[in-house]
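Here is a short briefing to read alongside the model. Please have the viewer open as you go through the points.

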Amino acid sequence: MTQDELKQAVARAAIDYVVDGEIIGVGTGSTANFFIDELARIKDRIKGTVASSEATAARLRGHGIPVFDLNEVTSIAVYIDGADEITSGGAMIKGGGAALTREKIVASVSKKFVCIADGSKLVDVLGKFPLPIEVLPMARNAVMRRMAALGGQPKLRTKAGSDDAFITDNGGELVDVAGLQITDPAGFEMQINQIVGVVAVGLFAQRGADVCLLGTSEGVKKLEF
Ligand SMILES: O=C[C@H](O)[C@H](O)[C@H](O)COP(=O)(O)O
């Protein structure tokens with residue numbers, strides 16, 4: 001099976017976690033996009049969605065699925081999203097698609113987090129995938145120095161084909177930190193959250209996944225945490 005077929009399989013399996021009549025939190029990225037396309041088939045069963053990015057909101061609306069602002073919503077039944085890396089304990093690196101801050105906010109108010117990922121995302125130790133950190137632009141270099149002091153190799157994310165900084169949906173910039181071996185994800189998440197100028201770090205450990213649907217050539221495997 002191709003990686004896209006594995007992503008499609010987990011996106012389809014995630015439909016079982018959609019709660020009828022409720023608001024569903026929807027993530028960002030290629031796997032989440034497959035999920036949005038599956039959700040479109042059963043859109044009449046849900047009240048609506050909260051999106052974790054402008055791109056996701058546009059795709060949902062394109063399918064005629066209602067999108068609510070988080071401030072209009074008091075409760076989200078389930079949040080469904082991909083990951084760049086996930087451990088067997090449910091801690092994740094996210095943000096390869098630049099949506100980490102809104103993803104973290106939506107996940108934080110959701111009753112359940114279902115991660116959908118192809119099998120290549122399962123790792124023993126987080127950090128091979130460079131850790132994304134959203135920063136306020138004026139703090140970019142200060143945060144990069146702090147991350148270098150913590151043993152990482154930070155790099156400003158730039159727009160494709162340009163040296164200009166990539167700008168997030170929130171007006172922030174992204175620092176991607178390579179060379180880390182994150183053996184204590186929750187502790188490291190707290191440590192980075194303390195750095196002034198950091199908006200959010202793409203470590204999802206304090207609020208990790210509750211369930212991971214992992215696409216493998218032997219079928220969709222369910223991990224519960
Ligand atoms: O910001 C993006 C998200 O955290 C994505 O969930 C993550 O990058 C995985 O994306 P994909 O499903 O495209 O591999």
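**Core, domains and ligand shell**

The largest nonpolar core has 63 residues, and Val 10, Cys 115, Ile 116 and Ile 133 have the most contacts inside it. Such a core is a set of buried Ala, Val, Leu, Ile, Met, Phe, Trp, Tyr and Cys residues joined through C-beta atoms within 7 Å, where buried means that 20 or more other C-beta atoms, placed from the backbone, lie within 10 Å of a residue's own.

This is a predicted model: local features need pLDDT of at least 70 and side-chain atom pairs count only at pLDDT 80 or more, while totals for chains, interfaces and linings use all residues. Residues are numbered from 1 along each chain as its sequence is written.

**Domains**
- The centres of the two domains, taken over C-alpha atoms, are 23 Å apart.
- Contact (C-beta atoms, placed from the backbone, within 7 Å) links 12 residues of domain 1 with 14 residues of domain 2.
- Helix α4 (residues 100-108) gives the most to the domain 1 side of this meeting, with 4 residues; helices are DSSP runs of H or I, at least four residues, numbered from the N terminus.

**Ligand**
- The ligand is surrounded by 18 residues (C-beta atom, placed from the backbone, within 6 Å), and the closest are Gly 29, Gly 82, Lys 94, Gly 96 and Gly 97.
- Helix α2 supplies the largest share of this shell, 3 residues.

Notes. Domains from an automatic or database assignment. Contact = placed C-beta atoms within 7 Å. Helix = DSSP H or I, 4+ residues; strand = E, 2+ residues; numbered from the N terminus. Buried ≥ 20, exposed ≤ 12 C-beta atoms within 10 Å, placed from the backbone.
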